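Take a look at the sequence and the fold before reading on.

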Amino acid sequence: MKNEILDPAFYPFFMEKLQERLSGSSVMPVDQAERIQQSIAFVLENGNEGSLPERFEQGKEQLKQRLARLKTLYLTIKENYQSFGIESLEESLEEIGHFFTTYDLDYGAAEVDQAFLDYQLAEAVPANYVGIDFYECYLHNLAAEVFFLKSIPSAQVYELLDQYQQKLGFDYRQDVNNLFEIVYRQMIGKLLIGKNQNTTLLFNRIEAQYAFGRIKNESTPPELNQLFERSDYYRRIYQQFQVTVRQLKEAESAVHFFITTTPRKKQLELPPTMPAAAFNRLLEAYSAANYEGKIRLIKTNISAPADFEEYLNLSSESPEFYKRLFKELDKNFIMTLVLYFRKEYDYKIDVENIDSKANYDVLHLLKDYLKSLPKKERFELFAIIDEYQLVPNDYS
């Protein structure tokens with residue numbers, strides 16, 4: 001962009017405009033004169049060819065047209081936005097309304113008073129933007145945020161804000177800096193776990209970990225392409241999320257990155273262990289059975305995790321046999337095994353963190369099975385597991 005102030009013809013033109021502004025007075029603060037100088041240069045940059053007076057008038061006309069288009073956008077935002085009671089959003093929109101009546105194309109075209117705009121955007125306006133450039137960028141970004149929020153059922157947004165307020169302990173109406181970013185983050189996560197039609201924006205812990213892992217490890221998940229096609233703004237904010245996520249090392253950070261709930265756990269009562277005599281008869285039959293018979297005996301006769309652990313400690317089969325056995329086990333039994341071993345050995349097992357430092361062969365077998373599952377299947381399994389806890393009286 002041309003530096004108008006370096007043009008030798010600029011200062012005579014500037015002094016002429018300055019004299020017009022003085023209107024008979026001979027005193028003006030230096031900072032005010034500097035602002036007028038910057039304003040004149042800004043208007044000239046929006047002009048075309050010709051003398052400075054001609055370019056100045058051309059620039060003013062261009063800015064008037066931009067101002068009219070921007071006011072239309074502003075009124076559209078006013079008609080479509082929902083503040084959800086967030087005070088800074090309501091107040092900032094009112095302040096922007098004053099811009100259209102006070103914008104001075106002759107002497108204040110490069111000025112912008114950001115002090116009254118308390119509502120922050122997910123992507124801030126560049127610091128070097130002034131005058132109408134600033135407000136155009138601010139309102140275009142705000143429009144992308146407003147129309148995204150309009151597509152989300154308001155009941156889900158209120159539910160999310162209520163949970164957000166409970167977790168952080170403050171009134172969201174006074175303290176939320178940017179509503180879009182909070183809602184957009186949750187919606188991105190929902191798309192990544194395959195819940196584009198959902199009744200809540202909230203996550204449980206397992207859902208949060210799975211979505212967190214995909215943001216961290218994938219460049220651009222295909223589920224998000226349709227959203228990105230609506231506005232490049234959405235792509236840029238997602239890329240900001242990725243930078244944040246990739247700086248976080250622990251999968252547990254997912255419950256801080258997303259807003260999660262802690263649902264009431266369902267109580268799971270473990271089946272009783274087999275009487276010693278019955279367990280011994282099972283082992284005798286097992287020792288005489290062939291490969292398929294052994295698989296069938298264990299699947300159909302053992303229902304208590306403690307019995308399964310005892311069987312594994314007493315048997316001696318090939319790794320391939322145990323891999324096959326775990327694949328044949330019912331998923332509900334796998335679920336009880338995970339809960340049992342979590343409690344028994346304080347064993348860290350979840351969708352992202354399957355402890356590789358287990359000191360027991362039985363835990364290695366369970367770990368190897370879980371790691372062999374496709375990630376989506378493992379996520380679905382742990383989403384169910386996370387709903388349960390063992391009945392205290394059944395286990396100590």
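Accessible areas here come from the Shrake-Rupley method with a 1.4 Å probe. On that basis the accessible surface of the chain comes to about 20800 Å², and 48% of it belongs to carbon and sulfur atoms. Please keep in mind that this is a predicted model.

**The chain as a whole**

The chain holds 19 helices and two strands. Of its 396 residues, 47% are buried. Among contacts with a separation of 6 or more, 67% are between residues 24 or more positions apart.

**Helix α15 and its cover**

Which residues of helix α15 are buried? In this helix, which spans residues 305-314, they are P305, D307, F308, E309, Y311 and L312. The cover over these buried residues includes α13 (276-288) and α14 (291-301), along with α16 (319-328), α17 (331-345) and α18 (361-372).

**From the α3–α4 loop into helix α4**

F84 sits in the loop between α3 and α4. Most residues other than glycine have a negative phi. F84 is not a glycine, yet its phi is positive, at about 55 degrees. Is F84 buried or exposed? Its relative accessible area is 3%, and buried means under 20%, so F84 counts as buried.

Helix α4 covers residues 87-102, and E91 is found there. E91 belongs to a surface patch of negative charge, in which it gathers with E87, E90, E95, D113 and D118. With a relative accessible area of 45%, E91 is partly exposed.

**Salt bridges**

Side chains of opposite charge can pair when their charged atoms come close. In this chain the count comes to 21 salt bridges.

| Salt bridge | Closest N and O atoms |
|---|---|
| K78 and E94 | 2.4 Å |
| K195 and E207 | 2.6 Å |
| R324 and E328 | 3.1 Å |

Let us begin with K78 and E94, whose closest N and O atoms are 2.4 Å apart. This pair links distant parts of the chain, with K78 in helix α3 (residues 52-80) and E94 in helix α4, 16 residues apart. K78 has a relative accessible area of 28% and is partly exposed. E94 counts as partly exposed too, at 43% relative accessibility.

Next come K195 and E207, joined by a salt bridge with 2.6 Å between the closest N and O atoms. Here too the pair links distant parts of the chain: K195 lies in the loop between α8 (179-192) and α9 (205-217), while E207 is in helix α9, twelve residues away. K195 counts as partly exposed at 35% relative accessibility. What about E207: buried or exposed? At 7% relative accessibility, E207 counts as buried.

R324 is partly exposed at 26% relative accessibility, and E328 is partly exposed with a relative accessible area of 30%. Elsewhere, salt bridges that share partners join E123, D232, R235 and R236 into one network.

Terms used
Residues numbered from 1 in each chain as written. Predicted model: local features only at pLDDT ≥ 70, side-chain atom pairs only at ≥ 80, totals over all residues. Heavy atoms only, no water. Buried < 20%, exposed > 50% of the residue type's maximum accessible area, 1.4 Å probe, protein only. Helix = DSSP H or I, 4+ residues; strand = E, 2+ residues; numbered from the N terminus. Contact = heavy atoms within 4.5 Å. Patch = residues over 30% accessible without salt bridge, like charges linked within 9 Å, V, L, I, M, F, W, Y side chains within 5 Å. Salt bridge = Lys/Arg side-chain N within 4 Å of Asp/Glu carboxyl O. Lys, Arg positive; Asp, Glu negative; His and termini not counted. Charge placed at Lys NZ, Arg CZ, Asp CG, Glu CD.
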